[in-house]
Amino acid sequence: MRQARILAALYFILTISPAISDMTDSIEMMWGNTQVLYDSAGHQTMSLTLDRWTTSAFRSKSQYLFGRFDIDIKLVPKESAGTVTTVYMVTEGPWQYHDEIDLEFLGNTTGEPYTLHTNIYAKGKGGREKQYRLWFDPAEDFNTYSIIWNPHMILILVNGKPIRRMKNQMRADTPFPLYQPMRMYASIWNAEDWATQGGRIKTDWSQAPFTAFFRNYTANACVPYNKAWICGQGSGDSSWFNQELDEEGQQKMKDVDDKNKIYDYCTDSRRFPDGYPPECASQ
């Protein structure tokens, strides 16, 4: 009943939140070598740089409760082993109950592909890792990475193609991010102990600095307004709020599973010898 009341209140005001323009209108720099760049048309790009002494990060100024989030990223080119470039959403309450949606791009040696590592936490529980080898070079140009988070599901898309879904199965006692607002973060950091080939390949600091670029961040989402939440930010298109994955989208996701997925916790029998987590039966 509580869930139904919250969702009804949100849906009632779905189309009246304000729009976002430049990235710095909605993004704030946090630490490290984070810069705002401009192209010839005056459009903003943000860069995050990693060197031996410092990481870099930025975050959204607002917290959100449901939404569609899109950002274009151009990853570190060539030698990127040991580095991790991340875009993630996370709550700011007690850590033992936190929710989180992770996209982590694990670097590699020159000529070897990146790995997109995804994970979803709900009520402090993660361990839902899935990994992909993308069907393009994500360091060659900008590509669009998206998260749709609504009361029915979390959906991760790459260039508009769905690659991962987690359904809301709270009725089956599976935790799902539903009540806690999240903030979007991006960062670049050194994870040479595990990021590349299980930590076998270390960061080559002679290739530093390592820089990734971000642009066109949009959050068509529910934002706080007094003591309520105003939904439908950006274009005013609120279709994401009730969006579910249709048959065509499910087929596209299956194609990615078949061709590009390299790890799935839901098929790791060594990790779960007594049976897979309950949400694995319906993704």
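User: Which order do the strands of the open sheet of seven strands have?

Analyst: Keep in mind that this is a predicted model. The general idea first: strands of a sheet pair through backbone hydrogen bonds, either parallel or antiparallel. Here the order reads 2-3-14-5-10-11-12, and the pairing is antiparallel. At the edges sit strand 2 (33-38) and strand 12 (161-167), each of which pairs on one side only. On average, neighbouring strands in this sheet are turned by 25° against each other, direction ignored.

User: How many bridges join strand 10 to strand 11?

Analyst: Five bridges link strand 10 (residues 143-149) with strand 11 (residues 153-158), and the two run antiparallel.

User: Now the annotation. Where does UniProt place the feature "active site"?

Analyst: The UniProt record, an unreviewed entry, puts it at Glu100 and Glu104. Such annotations may be inferred rather than shown by experiment. Glutamate 100 is in strand 7 (residues 100-106), and glutamate 104 lies in strand 7 too.

User: Is glutamate 100 buried or exposed, and why?

Analyst: Buried means under 20% relative accessible area. Glutamate 100 counts as buried because its relative accessibility is 10%. Glutamate 104 is buried as well, with a relative accessible area of 14%.

User: Which residues does glutamate 104 touch?

Analyst: Leaving out residues up to four places away in sequence, glutamate 104 touches Val84, Thr85, Thr86, Thr115, Leu116, His117, Trp189 and Trp194. With that same exclusion, the contacts of glutamate 100 include Tyr88, Trp95, Asn119 and Met182. There's also a polar contact of 2.9 Å between the side chains of glutamate 100 and histidine 98.

Definitions and conventions: Residues numbered from 1 in each chain as written. Predicted model: local features only at pLDDT ≥ 70, side-chain atom pairs only at ≥ 80, totals over all residues. Heavy atoms only, no water. Helix = DSSP H or I, 4+ residues; strand = E, 2+ residues; numbered from the N terminus. Buried < 20%, exposed > 50% of the residue type's maximum accessible area, 1.4 Å probe, protein only. Contact = heavy atoms within 4.5 Å. Polar contact = N/O pair within 3.5 Å; in protein donor to acceptor, adjacent residues only side chain to side chain. Pairing = 2+ DSSP bridges. Axes fitted to C-alpha atoms, helices over the stretch in contact; angles between N-to-C directions.
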